[in-house]
Amino acid sequence: GRSGAVAAVDLGATSGRVVVGRVDGAGSSARVHLDEVARFENRPVRTLDGLHWSVLELYRDAVEGLAAAARVAPDLAGIGIDSWAVDYALLRGGRMLSTPYAYRDERTAAAVPRVHARVAADELYARNGLQHLDFTTLFQLDADREAGVLDLADRLLLLPDLLAHWLTGAEVAERTNASTTGLLGVGRGGADGAGGVGEVAGSTAADWDRDLAVRLGIPPRILPPLVDAGTELGALTATAARGVGDTRARVIAVGSHDTASAIVSVPATEPGFAYISSGTWSLVGVETERPVVTEEARRAGFTNEGGVDGRTRFLHNVMGLWLLTESLREWEREDGGARPDLGALLAAAAEVPAGAVAEFDADDPAFTAPGDMPVRIAAWLTAHDRPVPATRPELVRSILASLATASARAVHEAARLSGQPVRVVHIVGGGSRNALLCQLTADATGLPVVAGPAEATALGNVLVQARALGLVHGDLEALRALVIASSELTTYRPRTTH
Ligand code: LRH
């Protein structure tokens, strides 16, 4: 095969990175190598009108990271961008109308009952297939409508699409991320022909639900044309090239929802697996050929998000390592700005005997907003007549055990609701490096846990570009075989029988 390099811009809720991916070799001896060339902080900013992302800084950091990528890889052929879901910018005539909100902003609490008064929750589910989360784009847009801002807008761009727009001028909505807005019809699954693979007979690609938009007072004109992961968006504009430098790289739409890119890299080639994409959130579920839009799935909080190649990501959002990072942030503040030693905390947490600390419900929306997490966890435990951990390591243990329990519940629910038996659980993303979390998850599920790759999102971003450029070939199973060949994986066996 051909050799070549691509750059993945991967934006997370706490940090972003630019990674150069390179495919060497061909066929069964092909390997993919990742090289992180830039890493930067992403911290939301609270102003008088709420919690915002500093998107201009993110763009600048991404451009500087891409310049570093172009320097280390003169043969750079592709650039792909992914980020967390649901958040967006509104534009008019190409100008951003206001600073995008961060999804943890509280303004949507008032929007949810307004939206449900127009379209009941069960009808919404039948149309878009999404679990209820207060911050889903359509609730955020209702707050914009109420504020009069929607009247001004002629374009909505999700954040990865906004960055791609600033790089190329293209105005599109990549489908996997569009599926998290609540405005995309759930469809029947199957690919629109992305890369010519994964085509399912009789399938239809999901399209904007313009009728739903109209009923919610959202002008359909703001919804951009949809594209599938693997679509070329164009070369850098002259303006963007001033920042990135000399490169022939084309911007390529990837699974721009970070979770969609992460699931591309699950190292499984046989059916019968569940996944946990473990980062700020734990996204727990199975991959299906078709959406599962039953009343039971709705009540269980299961979502049908669009995957790469028309697969469905049937999953549930568990609160994730946010519980830990917010606790660390609070302890850092208490300690006058000294960063707590996470390694030491985790080692001490591993010494806490099983069952010695109480667990809380890691699914409770009480933990979604930013702010003093240890106090909120203690309040939850007290309200439920459970003992409050006495030390920081005990609280860390309680967080990880509670996460493992909530994830195990979601794994078994995903299997039951989809009718797909699960024999192994894959943990991908940063949390796969957390040995205690992985072991507790094996214990709680009663299933073997395979941990890795930790850079699943960047890797999935790289692989979809590499395939679009003809550097690798095949369906998701072929890409996953390449992941297996290129990664170091660790297996954790359950210590208790269920
Ligand atoms: C994970 C994630 C998740 C969404 C949330 C907003 O980063 O994209 O899939 O539910 O952020």
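1. Helices here are DSSP runs of H or I with at least four residues, strands are runs of E with at least two, and both are numbered from the N terminus. UniProt positions follow the numbering used here, feature names are shortened, and annotations may be inferred rather than shown by experiment.

2. A word on what we're looking at: this is a predicted model, with local features needing pLDDT of at least 70 and side-chain atom pairs pLDDT 80 or more, while totals for chains, interfaces and linings use all residues. Numbering runs from 1 along each chain as its sequence is written.

3. The other annotated stretch, residues 7–186, comes from an unreviewed UniProt entry as "domain: Carbohydrate kinase FGGY N-terminal". That span is 34% helix and 29% strand, with its end C-alpha atoms 31 Å apart.

4. Stepping back, the protein chain has 17 helices and 20 strands. Its radius of gyration is 22 Å, close to the 23 Å from the globule rule for 498 residues, so the chain is as compact as a globular protein of that length. (The radius is taken over C-alpha atoms; the rule is 2.2 Å times the number of residues to the power 0.38.) The C-alpha atoms fill a box of roughly 60 × 55 × 50 Å along the principal axes.

5. Helix H1 (residues 55–72) is worth a look. Its 18 residues should span 26 Å at 1.5 Å a residue, and the end C-alpha atoms are 26 Å apart, which agrees; the expected span is 1.5 Å times one less than the number of residues. Among its buried residues are Leu58, Ala62, Leu66 and Ala69, and Asp61 is buried too. (Buried: 20 or more other C-beta atoms within 10 Å of the residue's own, with C-beta atoms placed from the backbone.) The cover over those residues includes strands E1 (4–11) and E6 (76–83), along with helices H5 (159–168) and H8 (238–244).

6. Now the open sheet: 7 strands with mixed pairing, ordered E16-E17-E15-E14-E18-E19-E20. Strands E16 (303–306) and E20 (490–492) are at the edges with a single partner strand each, so one side of each has no neighbour in the sheet. Pairing takes at least two DSSP bridges. Within the sheet, E18 (residues 424–428) and E19 (residues 449–451) run parallel, joined by 3 bridges, and Val425 stands opposite Val449 in E19.

Methods
Buried ≥ 20, exposed ≤ 12 C-beta atoms within 10 Å, placed from the backbone. Contact = placed C-beta atoms within 7 Å.
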